[in-house]
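Here is a short report on one protein chain. Look at the sequence and the fold first, then read on.

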Amino acid sequence: MSLHDYLYYVILPILAISSLAVFVRFVKGPTIVDRVVALDLIITLGIGEIAIYSIINNKPTFLDIATILALIAFLGTVAFAYYLEKRDKKDD
């Protein structure tokens with residue numbers, strides 16, 4: 001089994017099933033925190049899919065795109081955590 005076969009038949013189906021499960025959590029999430037965590041995980045799964053596409057098609061420039069997307073997702077998560085912290089202090 002080559003690397004490409006492993007990526008096609010093992011990793012991509014796992015990512016697809018995970019994406020569906022996380023999307024369900026994103027839609028049904030009872031709180032905003034659940035939805036933000038699900039959105040962060042969807043972005044992380046997208047980064048994995050971009051990385052696999054980059055490996056399969058031998059296009060390393062897509063790894064730069066995945067890195068930028070990871071940085072944006074991280075900054076969004078930090079901003080949301082900061083917002084929650086400020087909101088909790090207002091309630092006191």
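Helices here are DSSP runs of H or I with at least four residues, numbered from the N terminus. The model is predicted.

**The α1/α2 pair**

Two packed helices are described by the angle between their axes and the distance between the axes. Helix α1 covers residues 3-28 and helix α2 covers residues 32-57. Their axes come within 9 Å and cross at roughly 160 degrees. Angles over 145 degrees count as roughly antiparallel, so α1 is roughly antiparallel to α2. The crossing of the two is left-handed. The residues of the contact of α1 with α2 divide into 18 nonpolar, 4 polar and 5 charged.

**His-4, in α1**

His-4 is found in helix α1. Not counting residues up to four places away in sequence, His-4 touches Ile-55 and Ile-56. His-4 counts as partly exposed because its relative accessibility is 33%, between the 20% and 50% cut-offs. What separates His-4 from Ser-19 in sequence and in space? The two are 15 residues apart in sequence, and their C-alpha atoms are 21 Å apart.

Ser-54 lies in helix α2. Is Ser-54 buried or exposed? Its relative accessibility is 4%, so Ser-54 counts as buried; the cut-off for buried is under 20%. Leaving aside neighbours within four places in sequence, Ser-54 is in contact with Lys-59, Pro-60, Phe-62 and Leu-63.

**Transmembrane annotation**

An unreviewed UniProt entry places the feature "transmembrane region" at residues 6-24, 36-56 and 62-84.

| Span | Helix content | Strand content | End C-alpha to end C-alpha |
|---|---|---|---|
| Residues 6-24 | 100% helix | 0% strand | 27 Å |
| Residues 62-84 | 100% helix | 0% strand | 33 Å |

To recap the helix pair: α1 and α2 cross at roughly 160 degrees, with axes that come within 9 Å.

Technical notes. Residues are numbered from 1 along each chain as its sequence is written. This is a predicted model: local features need pLDDT of at least 70, side-chain atom pairs count only at pLDDT 80 or more; totals for chains, interfaces and linings use all residues. Side-chain values use heavy atoms; hydrogens and water are left out. Axes are lines fitted to C-alpha atoms, for helices over the stretch in contact, and angles run from 0 to 180 degrees between N-to-C directions. Angles under 35 degrees count as roughly parallel, over 145 as roughly antiparallel, 65 to 115 as roughly perpendicular and the rest as oblique. A crossing is left-handed if the near helix is turned anticlockwise from the far one by less than a right angle, and right-handed if clockwise. Ala, Val, Leu, Ile, Met, Phe, Trp, Tyr, Cys and Pro count as nonpolar, Asp, Glu, Lys and Arg as charged, and the others, Gly among them, as polar. Buried means under 20% relative accessible area, exposed over 50%, partly exposed in between (1.4 Å probe, protein chains only). Contact means heavy atoms within 4.5 Å. UniProt positions are given in the numbering used here, feature names are shortened, and annotations may be inferred rather than shown by experiment.
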